[in-house]
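Morning, everyone. Let me put the model on the screen, and then I'll walk you through it.

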Amino acid sequence: MEHTESAIVEAFDRRVAACLAAPFQILPASSRRLVDPFSGRVVLLNAERARRPTPGSGADPYRSGRTPPTLSYVRTGTLDVVVETEALSLEFGREAGERGETPWEVIDALGGMTRSMSPGAGTRSAQPTGAAAAVPAVFPSEPWLARTFFNLAPIVADRELGANGFVVAVAPEHEHADIGVLLPSPDTVGGPVPLPPDVVEAVVRSWSLLEQWAGSRGLVSVPFVNGGKGRASGQSLQAFHAQFYALGADIGLPGYAYSCATGGSGRCPVCDVIAEAALEIARVGSVGVYAHPAPEKELTLVVAATEHVSNISAVPARDFARALTVAVRSFEVSLGGVPPYNIAVRCGASAGHLHAEIIPRSGVPVAAGFEKSSGLYVTTRDPFDVAAALRSWAPSVIDAAPWPPALGD
Ligand SMILES: [Zn+2]
């Protein structure tokens, strides 16, 4: 098992290296660290981010294949994680780079290239039977649920280290969905459809491979989701997707520092949350869902491994995926629908104890003048009351089949 895992990490590393040889990313010329003289907060300067694509509501770059090539994907049915081996898009990108083409031109051209999808593979039959169907060159050649590729315009990147941003996109037939039933919004394209549980699990499995690869490189893993299809979460494309950054340890992550430091002194803040029974909302196998004990945004939930383990790969992907889903779908109960939200995952040795914060970005009070002046944050809901209200709801969601059901079924 261990041998198999290291083999897939090595294969992924080779794929990453091959992909880095072509201009598939708009890399920041410099990622300067600015320090807020009033709070000490670090701000990263990345001027290139301002030039990243801002497609209109009708644009579907993921669906059309206007993305960097696939690095790995999760097979439909078995949920196996597979490292991509196709060479067409890599060769094209490398040659285009030698001709001096920009990442924009390379990605645009990739969108017009196709490859054949092997007929009869897997269980989905979107393609005509009997004949190989053409799919974008950057898509896998067999049915897949999630695929990983380089972030076109990463926030931070270090070509030397191989530290980069990654996108985990879901298969085109699921792009319109989200983890829960969304609040109605004029911005939202598509219906309020929850993602099938396998798709969320495929995202977690994709993170797990990235985390193992980052660990093999001595990089710190930063997985997250900007969800809910709204600008308030930072989701710039309607297509559901997750992200992942693999960062050099020297960058210093304030979001990781507190839990790790206190963990080192013998008192783990995540274990403290788990030990407080009145904060618990639900358990899904080896992963729990808890009300955040002191949320900056009220109704924020915490998802954490019930044992003191650091890595995503240390818990079953199914448990983590379902617990994240319970947390996101809790907004259907507390807010009447899932608003724009963020899932901020902290994992790996530098995080101490695997946990995620699930943070609503609208429908709850905003931090305003008082908070910005004083540095104190205000919540109007007692976290213990939040947990009590959701505790009676969550088990019915977890146990019901097919899962997750629409609320009220
Ligand atoms: Zn702990």
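I'll start with one residue. Ser310 counts as buried because it has 22 C-beta neighbours inside 10 Å. The rule: buried takes 20 or more other C-beta atoms within 10 Å of the residue's own, exposed takes 12 or fewer, partly exposed is in between, and C-beta atoms are placed from the backbone. Where does Ser310 sit? In the loop between strand E13 (301-305) and helix H8 (317-334). Those labels are DSSP runs numbered from the N terminus: helices are H or I with at least four residues, strands are E with at least two.

What does Ser310 touch? Leaving out residues up to four places away in sequence, the list is Cys347, Gly348, Ala349, Ala351, Gly352, His353 and Leu354. Contact here means C-beta atoms, placed from the backbone, within 7 Å. His355 is 45 residues from Ser310 along the chain, yet their C-alpha atoms are separated by 8.4 Å.

A word on provenance. This is a predicted model: local features need pLDDT of at least 70, side-chain atom pairs count only at pLDDT 80 or more, and totals for chains, interfaces and linings use all residues. Numbering runs from 1 along each chain as its sequence is written. pLDDT is the predictor's confidence in each residue, from 0 to 100. The chain's mean is 87, and 87% of its residues reach 70 or more. Residues 121-128 fall below 50; that stretch has 17 contacts in the model beyond near neighbours in sequence. Residues 400-409 are also below 50, with ten such contacts.

Now the sheet. Eleven strands form an open sheet with antiparallel pairing, in the order E4-E3-E7-E8-E10-E9-E14-E15-E13-E12-E11. Pairing requires at least two DSSP bridges between two strands. Strand E4 (81-83) and strand E11 (280-284) are at the edges; each has a single partner strand, so one side of each lacks a neighbour in the sheet. From one strand to the next, the twist averages 20°.

Take one pair. Strand E9 (residues 219-227) and strand E10 (residues 241-248) run antiparallel, joined by six bridges. Ser221 has Ala246 in E10 as its bridge partner.

Two helices pack on this sheet. Helix H5 (residues 197-216) touches E3, E4, E7, E8, E9 and E10, and its direction makes about 35° with that of E7. H8 touches E9, E11, E12, E13, E14 and E15, and makes about 20° with E12. Axes are lines fitted to C-alpha atoms, for helices over the stretch in contact, and angles run from 0 to 180 degrees between N-to-C directions.

Next, the core. The largest nonpolar core has 105 residues; Ala146, Val289, Tyr290, Val303, Ala304, Leu324 and Ile358 touch the most other members. Such a core is a set of buried Ala, Val, Leu, Ile, Met, Phe, Trp, Tyr and Cys residues joined through C-beta atoms within 7 Å. H5 gives the most to it, ten residues.

Last, helix H3 (residues 88-98). Ser89, Gly93 and Ala96 are buried. Down the axis of H3, its buried residues fall within an arc of 70°, so they line one face. That arc is of the directions from the helix axis to the C-beta atoms. On the other side, Glu91, Glu95 and Glu98 are exposed. Helix H4 (103-111) is included in what covers the buried residues of H3. After H3 comes Gly100, with a positive phi near 90°.
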